Each structure stands twice: as C-alpha cells, then as structure tokens.
Amino acid sequence: MGRERLSETTLRRAAGYELPGYDLSEVEPGIVHLGVGAFHRAHQAAYIDSCLAAGERGWGIVGASLRSADTRDALSPQNGLYTLSIQNAAGENLRVIGSLRQLLVAPENPAALVSRMSHSSTRIVTLTVTEKAYMRNAAGALDLSHPDVASDIADLANPRTVHGFLLAALKERRQSGIPPFTVLCCDNLPSNGETLRELVLQFAGAADGELARFIEEEVAFPSTMVDRIVPATTDEDRRRISAAIGLDDAWPVKTEPFMQWVVEDRFTLGRPEWERAGVTMVSDVRPFEEMKLRLLNGAHSGLSYLGLLCGRESVSEAFTDPAIRGFVDRLWAEAIPSLPKGAGLEPQAYIAALSERFSNPALVHRTAQIANDGSQKLPQRILATARARLAGGGQVGHLMLVVAAWIACCQARGKSLPAGQFTDPMDRNLEEVLAGSPSAVEAVRQVFSIAGFDAVTGEASTQLAQIAGRHLQNIHEKGARAAIDMALEQGASR
Ligand code: CS2
C-alpha cells in the first residue's frame with residue numbers, strides 16, 4: 001500500500017520530527033518571494049518558520065516560480081509543506097517547514113503575481129532568482145537588448161522579468177495609494193540591494209520616468225548576505241526522507257547544519273523580528289558579503305572547475321583531494337588580503353569553518369551543479385578579488401587558475417566532459433569563440449571580451465588575461481593536475 005502524502009491533514013502523523021510550531025491556519029501572508037528554489041526553502045523559509053513559531057503570524061510567504069510549475073505542482077497537494085533534511089557526519093535531522101503558505105507560477109498568470117505583490121498585506125518582496133535573472137550585460141548594466149527586458153519595457157501588463165514584476169507592482173501600489181514594499185535581494189551579487197536598485201531604476205527610466213523618480217525616493221533595497229549550502233535534491237533523497245517521516249514528500253530539500261543571514265536593517269513597512277531566529281541585522285553588509293563571495297563562493301567555483309577536470313564529482317571529494325585542497329588553501333591566502341580591514345572580520349576562523357563545511361561527507365554537492373553560469377558568477381567571486389589584489393601589488397596566480405579551469409571545462413564539454421554537464425547563459429557565444437580551437441591566450445582574450453571580464457580596461461585586464469592564458473596552456477598541454485602543481489610551485493617560489 002502506498003504511503004499517504006504529506007499535507008496539512010496528515011502532518012501530525014509525521015511524529016517524532018520537528019513540525020511547524022504553530023497553527024497553519026493562523027498564518028497571514030506578509031512576504032512575496034520570487035524564485036522558490038531549494039535555496040530559498042532551506043534558508044529564508046526556515047528562518048521565517050522560526051519567526052512564525054515564535055508567534056509572529058503575519059509573515060507567511062507567498063512563493064512564486066518565475067519559470068517552471070514544478071514546485072507549485074509538487075507542493076500544492078502538500079499545502080506548501082515540505083521536509084528540510086539537515087545532514088552532517090553525525091546523521092540527519094528532519095524538520096517540516098510550514099512558512100510557504102501559497103505558491104504561484106508567474107508565466108501562467110503574471111497578473112495574479114502582480115496583484116499579490118500589490119496587496120497591502122505584502123510588506124517585503126524577497127528574491128533568489130540566481131545571478132543570470134538580473135539580466136546584466138557585460139558592463140554590469142541592464143541588458144536592454146534582451147527580448148524579455150524589451151518586452152516588459154514596452155508593456156508592463158504581463159511581465160516576464162523580475163524587474164518587470166517589481167515595477168508593475170510598485171506602479172499599482174502607487175496608483176492605489178499603498179506604500180511601497182521593501183525589496184530584499186538574496187542572491188550572491190556584490191552589494192545586491194544597491195545592484196538591484198540600479199537595474200530597476202534603469203528599467204523604470206526606460207519605461208516610465210515618473211515611476212523611476214518614485215522608486216528612487218520611496219523604495220528601500222537593503223543588501224543581504226545569505227549563506228547555506230543546498231545541493232540539488234535527488235530521487236534517493238525523496239525516497240529516504242519519505243520513508244523516514246512515514247509520509248510521501250515529493251519536494252524535500254537537503255542542506256547542512258550551518259546557516260547565516262546578514263541583513264541591512266532598512267525596512268519601510270516593518271520586518272519580522274529576525275534577530276530572534278538568528279539573523280544578524282547590520283547597517284553595512286559589505287564586509288560580510290565580500291568575505292562570503294570571495295572565500296566561500298570563490299573556492300566553490302575553484303573546487304568545481306578543477307574538480308570536474310580532475311574527475312571529482314562532489315565538493316567533498318574535490319576538497320579531500322590533496323592537490324586541490326592545497327590549491328584552495330593558496331586561493332584563500334591570495335583572497336584574504338583583498339577583504340575590508342577594520343570591519344571585525346575573522347577570515348582565519350571563517351576558512352576553518354569552511355574547511356569543515358566543504359568536507360561534510362553526508363552532503364553530496366555536485367561540482368557540476370556549481371559549475372553552472374560561470375560567466376555570471378566569476379566576476380564577483382574571482383575577478384573582483386584579483387583586481388583588488390593586483391592594485392595592491394599582490395599575487396593572483398591561483399585566482400586566475402580558476403578562470404582558466406572554467407574556460408577549460410567549457411572547452412571540454414562534449415569531449416572529455418558530457419555535453420550537458422553544465423550550462424551558461426553565454427553558451428552560444430562561448431561555443432562560437434571556442435569552436436575554432438584558438439590558442440590558449442587567444443581563447444582567454446576572447447572569452448574575457450564576450451563575458452565582460454575586461455570591462456575595466458587597461459593594464460589590469462591584460463595582465464589577468466595573460467596569467468589565465470598561461471594556466472590554460474598548461475591545462476591543454478599537461479593536464480589539470482600538472483597545472484595545479486605548477487601553480488603551487490610558482491606560488492611557493494615567490
Ligand atoms: C554555490 C552557491 O552553486 C553555487 O554557485 O557556490 O550556491 C553556494 O552553495 C551558496 O552561495 C552557499 O551559501
């Protein structure tokens with residue numbers, strides 16, 4: 001006999017596990033979240049679940065998917081409930097999360113999402129839509145030539161982009177005299193609040209000048225640093241978790257025990273008492289954000305591309321490979337001097353904690369998952385660090401090996417790596433420039449140009465491209481392992 005499905009009616013039968021500590025029917029929606037992927041469900045939704053349990057019932061989440069209906073289809077029969085599996089070497093803890101109270105699918109009914117965002121009960125709109133959904137061009141500005149951007153600018157009635165949804169809802173609220181919500185970007189972008197604000201203002205400027213002025217004066221875009229490692233859920237996870245709770249859960253999420261959220265405290269219509277759930281509220285997120293992007297995400301990208309080239313399938317496998325581990329230690333040593341001084345950061349303690357997190361044997365975090373969208377990730381994870389180091393006369397050899405490894409992985413797809421191993425929004429351009437088997441130096445030069453890595457023109461970009469070119473040549477001629485060894489030797493001799 002099949003198991004019953006996890007839902008509001010069956011929930012209390014999942015005895016023995018942590019269940020929502022509140023009555024679901026008492027929860028009122030206060031937040032609209034764009035991008036209800038696994039990360040959101042393991043991070044923000046868990047923090048909000050704790051706030052709801054502490055008695056703040058006005059902050060339920062309405063989650064919207066911007067592309068596929070999968071999450072809504074899986075979670076609607078479960079009344080939005082799902083299991084969060086928290087794993088480390090000591091075992092697995094299961095917790096059922098109840099904060100996601102309603103699910104929408106934007107492309108099916110864009111007006112319904114705009115209407116929910118425009119409702120006076122919506123006080124915060126949060127986003128985890130991944131780097132590429134911000135549609136920045138190589139120079140970091142809004143890509144006005146993108147067909148979805150152009151379509152939203154011409155007609156805001158049925159938005160397709162995040163900027164379009166934000167503008168349509170803010171316009172509606174303004175017309176109805178409802179004060180604007182606070183926009184909270186939770187993606188791994190530098191100064192993410194300010195970055196999104198600039199993009200939305202560029203968008204509004206092209207669509208509706210008056211609305212642009214209103215946004216400039218009235219809408220808050222605090223910045224945030226979000227952190228929790230959330231590998232993609234597998235069928236095996238679904239089977240194991242369903243068997244453990246005794247109810248079928250079609251959409252559980254797995255994660256690590258560690259979680260961190262640092263939020264700039266600037267909310268115009270109130271916010272949950274996040275401090276009580278362990279969130280750090282600050283006046284300046286930048287130091288935390290730079291440390292996380294440059295040490296955690298930078299190392300992640302390094303582990304992922306070098307790991308793929310060396311046949312390592314998961315982060316823990318790559319991190320326990322002595323050569324790669326040695327490389328990551330050097331990468332960190334190179335990145336640390338670029339971090340803000342006097343901000344109370346403790347980079348040594350941070351990398352010690354990261355070493356433990358990356359070694360978590362229970363979490364199978366695939367290197368191929370992190371390899372996606374390199375053109376959108378490397379600028380803030382690696383290139384910004386390298387530019388800062390170069391400006392101070394420092395070393396950048398290990399940083400640039402990450403960029404070379406990314407290009408090598410792009411070249412290896414369809415050859416030594418499966419063709420669909422990972423994807424990138426710039427794939428078509430990347431394929432075009434890499435198809436003619438250019439020399440390593442030429443490949444790097446062209447990739448830098450199409451991906452906008454040379455946006456800061458001048459000597460720094462040329463120098464960075466030259467160093468990456470030498471690494472790529474080593475990878476081509478001698479293989480990734482030898483290229484790592486050579487980078488380590490060069491670093492040691494300096
Ligand atoms: C990862 C991040 O997929 C990736 O690019 O580096 O998703 C990383 O796991 C999170 O930022 C951790 O907070």
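In the predicted model, helix 15 and helix 16 cross in a left-handed manner. Helix 15 spans residues 374–391 and helix 16 spans residues 397–412, and their axes come within 9 Å and cross at roughly 155°. Angles over 145 degrees count as roughly antiparallel, and helix 15 and helix 16 are therefore roughly antiparallel to each other. On the side of helix 15, the contact is made by Gly374, Ser375, Leu378, Ile382, Leu383, Thr385, Ala386 and Arg389, which meet Leu399, Met400, Val402, Val403 and Trp406 of helix 16. By class, the residues of this contact comprise 9 nonpolar, 3 polar and 1 charged.

Helix 16 also packs with helix 10. Two packed helices are described by the angle between their axes and the distance between the axes. For helix 10 (residues 286–309) and helix 16, the axes come within 9 Å and the crossing angle is roughly 45°. Helix 10 and helix 16 are therefore oblique to each other, and their crossing is left-handed. The residues of helix 10 in this contact are Ser301, Gly302, Tyr305, Leu306, Leu308 and Leu309, and those of helix 16 are Leu401, Val402, Ala405, Trp406, Ala408 and Cys409. This contact contains 10 nonpolar and 2 polar residues, with no charged residues. Val402 and Trp406 of helix 16 take part in the contact with helix 15 and in the contact with helix 10.

Alanine 391 lies in helix 15. Alanine 391 counts as exposed because its relative accessibility is 73%, and the cut-off for exposed is over 50%. Alanine 391 and alanine 460 are 69 residues apart along the chain, and their C-alpha atoms are separated by 8.0 Å.

Helix 9 covers residues 235–245, and its buried residues include Asp237, Ile241, Ser242 and Ile245. Viewed down the axis of helix 9, the buried residues fall within an arc of 120°, so they line one face of the helix. An α-helix has 3.6 residues a turn, so residues three or four places apart point the same way. The buried residues of helix 9 pack against strand 3 (82–88), strand 4 (91–97) and strand 9 (253–255). Glycine 246 follows helix 9 and has a positive phi, near 75°.

Aspartate 249 is located in the loop between helix 9 and strand 9. Its relative accessible area is 3%, so aspartate 249 is buried. When neighbours within four places in sequence are left aside, the contacts of aspartate 249 are Leu6, Gln78, Tyr82, Thr83, Arg238 and Ser242. Of these, Ser242 is one of the buried residues of helix 9.

Positive phi values also occur in residues other than glycine. Threonine 130 has a phi near 70° and is placed in the loop between strand 6 (124–127) and helix 5 (147–154). Threonine 130 counts as partly exposed because its relative accessibility is 33%. Serine 437 has a positive phi of about 45° and is found in the loop between helix 17 (427–435) and helix 18 (440–451). With a relative accessible area of 63%, serine 437 is exposed.

Technical notes:
Residues numbered from 1 in each chain as written. Predicted model: local features only at pLDDT ≥ 70, side-chain atom pairs only at ≥ 80, totals over all residues. Heavy atoms only, no water. Helix = DSSP H or I, 4+ residues; strand = E, 2+ residues; numbered from the N terminus. Buried < 20%, exposed > 50% of the residue type's maximum accessible area, 1.4 Å probe, protein only. Axes fitted to C-alpha atoms, helices over the stretch in contact; angles between N-to-C directions. Parallel < 35°, antiparallel > 145°, perpendicular 65-115°, else oblique. Left-handed = near helix turned anticlockwise from the far one by under 90°. Contact = heavy atoms within 4.5 Å. Nonpolar A, V, L, I, M, F, W, Y, C, P; charged D, E, K, R; others polar. Arc of directions from axis to C-beta.
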